[in-house]
Amino acid sequence: MTTSVTAPELSGGTVRAERHLVSDFEGWRIITKHQLQHYLRTNRFLGLLGFVFVISALTLTFQISTGVATVRVEDLYHPSEYTCNFLNYAPLWIILAAAFFGGDALSVDFSTGAGYYMLVLPIRRSVLLTGRYSAAALVTLAVVGLYYAFAIAGTAYFFGGASVPWVGIAQSLGVAALFTLATLSVAFCISSSTRSPATGVLITILALYVGFTVLESLTELAGLEPWFSLNYAGGAIYSVLDTDFLHKQIIPLGASQSYYIWSATVREGLEIMAAYVAVFLPLSAYLYHRKESTG
Amino acid sequence: MGFFEVSHLTKWYREGAPVLDDVSFQYDGAGAIGYLGPNGAGKTTTLKLLVGLLRPSRGRALVNGLDPISDRKAALWDVGSVIETPEPYPTLNVFEALETVGRSRGLERDDVDREVDRCDEWLHLPPLGMRIGWLSKGQRQRVALASALIGDPSVLLLDEPTSGLDPAERVIVRGVLNRLKRDHLILMSSHQMLEVTEVCDRVAFLHQGKVLLQTRVDEIPGRIRSRQVDVEFAEPVAADKVAALSPVPSEIVRISERHWRIPFDGSNESRARLLRLCQELGPVVQFTGSSLLLEDAYLELIEEPTEAA
């Protein structure tokens, strides 16, 4: 049944404001700002920031009061070794932040009314995704930045302000930024495949932290390098500062048996992270594009 | 002026009967179309397909001549919608939530301010600095309506637009829609027959995924038999006397001492007989079935879909 009806045009309309079709870049800026406004006021951002602050402050206080940072501070050959040790937990903070900010970034559109507000805007879904992705990366880096501030403060306290390895820290931060993008790519992919925001956050933490840690241990027990693991690649964040880096350590376990401990080289870490971004970000964009608001 | 078209549109979610079954219609120009049907008829599904929230299983849905799936940005640029319950982030304030919509529709910053002021004037928005999470349901609905209106898009797709609003708010929204329909194309699903009667020029009835009837509201009296009349007497009339007017006295509704709603079989003979009997009870001021005409049409079409189609 097809009916075409044209209503008569009546006078007395409204005065229209000038509008233009926004470019994808403008759309990205609008969505990034929108998402940042949201994230910066969420309890999860403020809570995670507070948590990182408290843990980092306690760690530094303990180190200052005991003089111990994994080993006695005076036994460290170089200030960057201290910074490297302090940054050992950087991948964990990044995974937590990525799960908190990325785990529900897309599923929220299909589980709450947010999608009926955002998905009807004249903005491509891929642009919506990249805007949210950028905002999530920025707030994750804000959390990580706080942690780095404590690492720098500790290095300056123990070795003097002039000894802070700024170049190494900048490189580490660069690796951390790529790790952030890789973890967020996985988190966004999980989020685009789930409906419940809480499920997305939980699966992201389980997959990135628990899952990879278990698989890594099993692989190392078999004497193999866990090159597939994003968690493994995350070690490059602090190993870039390590002056005594070993890619492979062999620990003898007795009669003709050894246990292998692998550490990703910086280049290897960067390659694994880049591969995760290259695979999971387009995949999440595809899944998000295909997803329907059936609820 | 706006334009939208659905052609042989079919949608099913899983195996089984389609939610929408080979629906076709198109409207252009200006005016308001009421999209009516019982729950599960496929009204919201149609609206979702028109804004690309769902993909057609078969057929196509176009807005302003563009496919909202393959050409989302251009297709939705001139479309405002309120579908289901749109919820901006609860952490944002009213202005921030509307600013995002306005900017994405291509408004400059100053124009966003003006547009938000216009929406505020029309819809009496809550304080612009108040966070969405603190708003009542009715206030949120008004913000959602403002988000559809900001930037003044030519096509408005509204799914139960007055849902959650109190009577005073409904009057405001109906006034806004009546003003907008002069130069906008509005497709509005609703269960509020009075609202549809007051706002819409045309209606499309949907039942079990199929369009049963598309017509102008003023053509309905010629197509549908009204099966209730509102009778207003000049003087109060006793209930037992009114009860004798209908074969089903239990369905007679007493609106006031002088004002009664009386069911009948819908035929012209019965209607004429009923008027005569009423006049025997006392002077009749008003004798009309118009206030419930859409409801009658709705019920008649649902009861006898094949015959009515």
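## Helices H4 and H9 of chain A

In this predicted model, H4(A) and H9(A) are roughly antiparallel to each other, because the angle between their axes is about 155 degrees and angles over 145 degrees count as roughly antiparallel, under 35 as roughly parallel, 65 to 115 as roughly perpendicular and the rest as oblique. Helix H4 covers residues 90-102 of chain A and helix H9 covers residues 197-221 of chain A, with their axes 8 Å apart. Such axes are lines fitted to C-alpha atoms, for helices over the stretch in contact, and the angles run from 0 to 180 degrees between N-to-C directions, while the helices (H or I, at least four residues) and strands (E, at least two) are DSSP runs numbered from the N terminus.

The crossing of H4(A) and H9(A) is right-handed, a term used if the near helix is turned clockwise from the far one by less than a right angle, with left-handed used if it is turned anticlockwise. On the H4(A) side, A:Leu92, A:Ile95, A:Leu96, A:Ala99 and A:Phe100 meet A:Val201, A:Thr204, A:Ile205, A:Leu208 and A:Tyr209 of H9(A), where contact means heavy atoms within 4.5 Å. These residues divide into nine nonpolar, one polar and no charged; Ala, Val, Leu, Ile, Met, Phe, Trp, Tyr, Cys and Pro count as nonpolar, Asp, Glu, Lys and Arg as charged, and the others, Gly among them, as polar.

## Two further helix pairs

H1(A) and helix H7 (residues 125-159) of chain A pack at an angle of about 45 degrees with their axes 8 Å apart, and they are therefore oblique to each other. Their crossing is right-handed, and the residues in contact include A:Trp28 and A:Ile31 of H1(A) and A:Leu128 and A:Arg132 of H7(A). By class, this contact has ten nonpolar, six polar and two charged residues.

In chain B, the axes of helix H5 (residues 137-149) and helix H6 (residues 167-180) come within 12 Å and cross at roughly 10 degrees, which makes H5(B) roughly parallel to H6(B). Here B:Gly138, B:Arg142, B:Leu145 and B:Leu149 in H5(B) meet B:Glu169, B:Val173, B:Val176 and B:Leu180 in H6(B), a set with five nonpolar, one polar and two charged residues.

## Between the chains

Where chains A and B come together, 54 residues of chain A are in contact with 65 residues of chain B. The two chains bury about 5,500 Å² between them, 51% of it on carbon and sulfur atoms; buried area is the accessible area (1.4 Å probe) that two parts lose on being put together, summed over both.

Over all chains, the structure has 20 salt bridges, each a side-chain nitrogen of Lys or Arg within 4 Å of a carboxyl oxygen of Asp or Glu. A:Arg19 and B:Asp78 form one of them, at 2.7 Å from N to O. A:Arg19 lies in the loop between strand E1 (4-6) and helix H1 (24-39) of chain A, and B:Asp78 in the loop between helix H2 (72-76) and strand E5 (79-82) of chain B, so the pair joins two chains. Between chain A and chain B the count is five salt bridges, and B:Lys11 forms a salt bridge with A:Glu292, the closest N and O atoms being 2.8 Å apart.

## Conventions

Residues are numbered from 1 along each chain as its sequence is written, and chains are lettered from A and ligands numbered from 1 in the order in which they are written. Local features need pLDDT of at least 70 and side-chain atom pairs count only at pLDDT 80 or more, while totals for chains, interfaces and linings use all residues, and side-chain values use heavy atoms, with hydrogens and water left out.
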